[in-house]
Structure formats: C-alpha cells, structure tokens
Amino acid sequence: MAESESGADKSEEPTGKRLEEARKKGQIARSRELGTLTVTMAGAAALLMFGADMGQAMMDMMRGNFSLSREALLEEGAMARHLLRTGMEALKALQPFFIVLLIASVVGNVALGGWLFSGEALMPKFSRMNPLEGLKRMFSTKALVELLKALGKFAVILIVALAVLKSDQDDLLAIANESVESAILHAMNVTGWSLIWLACGLILIAALDVPFQLWDTKQKLMMTKQEVKDEYKDSEGKPEVKSKIRQLQRQMAERRMMQQVPEADVVITNPTHFAVALKYDPEKGNAPLLVAKGGDFLALKIREIAQEHRVTLLESPALARAVYYSTEVDHEIPAGLYLAVAQVLAYVYQLKQFRAGKGKRPSPLGSLPIPPDLRRDE
C-alpha cells in the first residue's frame with residue numbers, strides 16, 4: 001500500500017477530480033514498449049508492402065547518378081540541381097514508408113492513456129534538479145522495473161535475432177550470388193520478415209509493461225482518507241459556508257415572496273399556524289397561483305402584510321393546510337382544489353362588491369369540498 005509524504009496510507013481510490021487534475025498535468029499511463037512494438041511492426045509491414053517499389057526506385061536513382069553526361073559534369077550548377085532532384089526522388093520513394101511510421105508512432109503513444117496535450121507537463125520543474133530526488137528516482141521501484149525491462153528486451157531480442165539469423169542463413173548467403181537488382185529486392189523481403197519476428201519478441205515485453213504502467217500510475221494517484229475529505233470540502237464547500245448560503249437563499253426567497261402578498265386576491269389562514277396567499281388572473285384563464293405561503297412566524301408576517309394592504313383574510317384551516325402541503329410558491333394549485341378555491345374566490349368577489357355598496361353581504365362559507373388525498377390533518 002502506497003504512503004503519502006506524511007506517512008499516511010493511501011488506501012482510497014482516486015476521485016474523478018484527482019484523475020482530471022492528473023490528466024491536465026500529463027500524469028497518465030504511457031508505455032514506451034507499446035510504442036516501440038507498434039512502430040517496429042508497422043515498419044516491418046510497410047517494408048514488405050512497399051519494399052519492392054522502394055528498391056526499384058533506388059536502383060533507378062543509382063543508374064541515373066552513375067550515368068551522367070559529360071556536359072552535365074562540366075556545367076556549373078548542374079551537380080547541385082542533380083543532387084536536389086535525386087533527393088526529391090528519394091523522398092518520394094520513401095514517402096509511403098515514412099507516413100506509415102508516423103501514423104504508427106502516434107497510434108502507439110495514444111493507445112494507452114489516450115490523446116493528451118498538457119501545457120503543465122511542458123513547464124520546467126526545478127525539483128528535478130534536486131540531487132536527492134534524482135537518487136530517489138534512480139533507486140525507486142520504477143527504476144528497477146525499467147532495468148529489468150531493458151535486460152529482458154536485450155535477452156529477448158538477442159534470442160530472436162539469433163534464431164532469425166539461423167533460419168535466414170541460406171537466404172543471406174544466396175543474396176551474394178544474385179544480381180544487384182534481385183539482391184536488393186531479396187534483401188528488402190528478408191529484412192521485413194526479420195523485423196516482424198523481432199517485433200513478435202517485443203510483444204511479451206509490452207504485455208508485461210502495459211499492466212505495470214496502469215498499476216504504477218494508479219498507485220501514484222491513490223489518496224489518503226484526509227485527502228478525500230479535504231477535496232470534498234473544497235469541491236462541495238465547508239458545511240458552515242453551505243449553511244450560510246442556504247440561509248441567505250431562504251431570506252431572499254422570503255423577501256421576494258412577501259413582495260407578492262399585496263398582489264394576492266385572498267389570504268387563507270389556519271388561522272394561526274398556516275397562511276397561503278392566492279392570486280387569480282381571469283384574463284389568462286389559468287388556475288389560481290400560490291404567491292406566498294408560510295407557517296407560524298412567517299404566517300403571521302403574511303397576515304400582517306395582507307391586513308396592511310387590505311387583502312381579504314379568510315379562515316379555512318382545512319383548505320389552508322391542503323394548499324400549503326400540495327403547492328409550491330409560484331405554482332398553480334392542483335386540480336383537486338379547483339372547486340374549493342373557486343368558491344373562496346367567488347365569496348371574496350361578492351364581499352368586495354358588498355363593501356363597495358354594489359350588492360348584498362355574501363353568506364358565510366360552509367364546509368369546502370377538499371379531496372381526501374389532499375386533506376391534511378394537523
């Protein structure tokens with residue numbers, strides 16, 4: 001189990017934030033052996049596919065270079081032009097081979113860890129100049145693994161190379177007795193297959209290196225319990241700060257709610273424990289809207305503001321509790337309360353007409369129709 005600098009055990013899996021920060025710093029799993037294997041295999045395959053064409057192109061260039069006319073030899077600047085033309089022809093002949101190697105080098109590096117460009121990884125780190133840190137790296141587990149890998153690669157490549165040389169001995173000796181054209185093409189073929197066999201020897205090294213790199217990278221990113229707690233506090237905020245923020249949010253919501261009470265058509269009370277303020281806009285044709293609600297002290301404030309702005313107060317404990325528990329502020333009341341609230345609004349309208357001297361005093365409201373699923377007892 002890994003340990004932190006403070007000596008605490010790093011027993012916790014790295015969090016998503018830790019992994020993201022590590023990726024920004026370029027701390028991801030990379031396997032040089034996988035890259036070497038990919039480039040070697042791709043180079044061998046490209047040599048087998050394009051070797052004949054490259055060999056033929058090289059022979060044509062050799063013929064051209066050794067058959068210069070006397071005029072070209074004596075003309076000033078002819079040799080420079082000839083050298084430039086030969087270089088361009090050689091580059092054109094080798095272009096497919098180089099393209100394959102380029103693609104293989106990119107694929108081999110991003111196959112483990114994915115594509116990443118990190119500016120932080122390019123920044124100079126003066127800690128690397130510390131001799132003590134350098135000694136730690138020299139005698140670390142990773143350095144030991146790198147040494148074992150190097151010895152393993154040397155042994156594997158040596159064994160495979162000797163086996164390839166022994167199996168190709170007859171072909172290599174036969175090349176000496178062939179014509180130049182045939183010998184070049186034959187050598188290309190032998191070289192391509194020899195590289196493939198050598199690359200097969202690297203598969204074992206890469207198969208061991210990839211899991212180790214994944215394990216080593218994960219071990220470096222492991223966290224202590226305290227680090228996990230500190231990260232949670234940093235990302236989620238300290239409990240006291242979050243509590244203060246929630247308190248401020250509640251205060252802001254209450255102030256905004258109280259500002260809407262004067263616009264309400266009626267405030268229905270419990271009469272003391274609950275108070276709900278409803279508003280209905282007949283022009284919009286929607287259901288009545290709950291503009292404010294509260295219990296105890298907040299209910300008292302709603303009643304005071306309603307009295308101050310001459311908003312009708314109506315006692316209906318059952319309806320007040322039903323609206324309070326079933327509806328959120330700035331939302332319409334549920335369909336089950338349409339009939340009860342419609343009776344209340346009709347009563348309020350008649351009461352306003354009576355106070356304005358335009359009608360009779362309305363009869364007091366009786367029991368309101370509240371569905372059992374919306375009825376709440378104290």
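This is a predicted model: local features need pLDDT of at least 70, side-chain atom pairs count only at pLDDT 80 or more; totals for chains, interfaces and linings use all residues.

Colleague: Where does Arg310 sit?

Modeller: In the loop between helix H12 (297-308) and strand S4 (312-315).

Colleague: What is its backbone doing there?

Modeller: Arg310 is not a glycine, yet its phi is positive, about 55°. Most residues other than glycine have a negative phi.

Colleague: Which other non-glycine residue has a positive phi?

Modeller: Asp330 has one, near 70°. Asp330 is in the loop between H13 and strand S5 (331-332).

Colleague: Switching to packing. How do H2 and H9 meet?

Modeller: Helix H2 (residues 32-65) and helix H9 (residues 180-221) have axes that come within 7 Å. The crossing angle is roughly 175°. So H2 runs roughly antiparallel to H9, as angles over 145 degrees count that way.

Colleague: What is that contact made of?

Modeller: The contact of H2 with H9 has 22 nonpolar, eight polar and five charged residues.

Colleague: And the largest nonpolar core, how many residues does it have?

Modeller: It has 23. Those with the most contacts inside the core are Val266, Ile268, Leu278, Leu319, Leu337 and Val344.

Colleague: Now voids. How many cavities of 30 Å³ or more turn up?

Modeller: One, from a search of the whole structure. The largest cavity holds about 30 Å³ of space.

Colleague: What lines it?

Modeller: The largest cavity is lined by Ala29, Arg30, Ser31, Leu34, Gly108, Asn109 and Leu112. That lining splits into three nonpolar, three polar and one charged.

Colleague: Last topic, the second largest pocket. How much space lies in it?

Modeller: About 180 Å³.

Colleague: Which residues line that pocket?

Modeller: The lining of the second largest pocket includes Gln260, Glu263, Lys279, Tyr280, Asp281 and Lys284. Asn286, Ala287, Leu289, Val291 and Glu332 are also among its lining residues.

Colleague: And by class?

Modeller: Five charged, four nonpolar and two polar residues line the second largest pocket.

Note on methods
Residues are numbered from 1 along each chain as its sequence is written. Side-chain values use heavy atoms; hydrogens and water are left out. On a 1 Å grid over the protein atoms alone, a cavity is a set of points where a 1.4 Å probe fits but cannot get out, and a pocket is an open set with protein on both sides within 12 Å along at least five of seven lines; lining residues have an atom within 4 Å of a point. Grid points are joined across faces, edges and corners, and a volume is the space filled by probe spheres set on the points. Ala, Val, Leu, Ile, Met, Phe, Trp, Tyr, Cys and Pro count as nonpolar, Asp, Glu, Lys and Arg as charged, and the others, Gly among them, as polar. Axes are lines fitted to C-alpha atoms, for helices over the stretch in contact, and angles run from 0 to 180 degrees between N-to-C directions. Helices (H or I, at least four residues) and strands (E, at least two) are DSSP runs, numbered from the N terminus. Angles under 35 degrees count as roughly parallel, over 145 as roughly antiparallel, 65 to 115 as roughly perpendicular and the rest as oblique. A nonpolar core is a set of buried Ala, Val, Leu, Ile, Met, Phe, Trp, Tyr and Cys residues joined through side-chain atoms within 4.5 Å. Buried means under 20% relative accessible area, exposed over 50%, partly exposed in between (1.4 Å probe, protein chains only).
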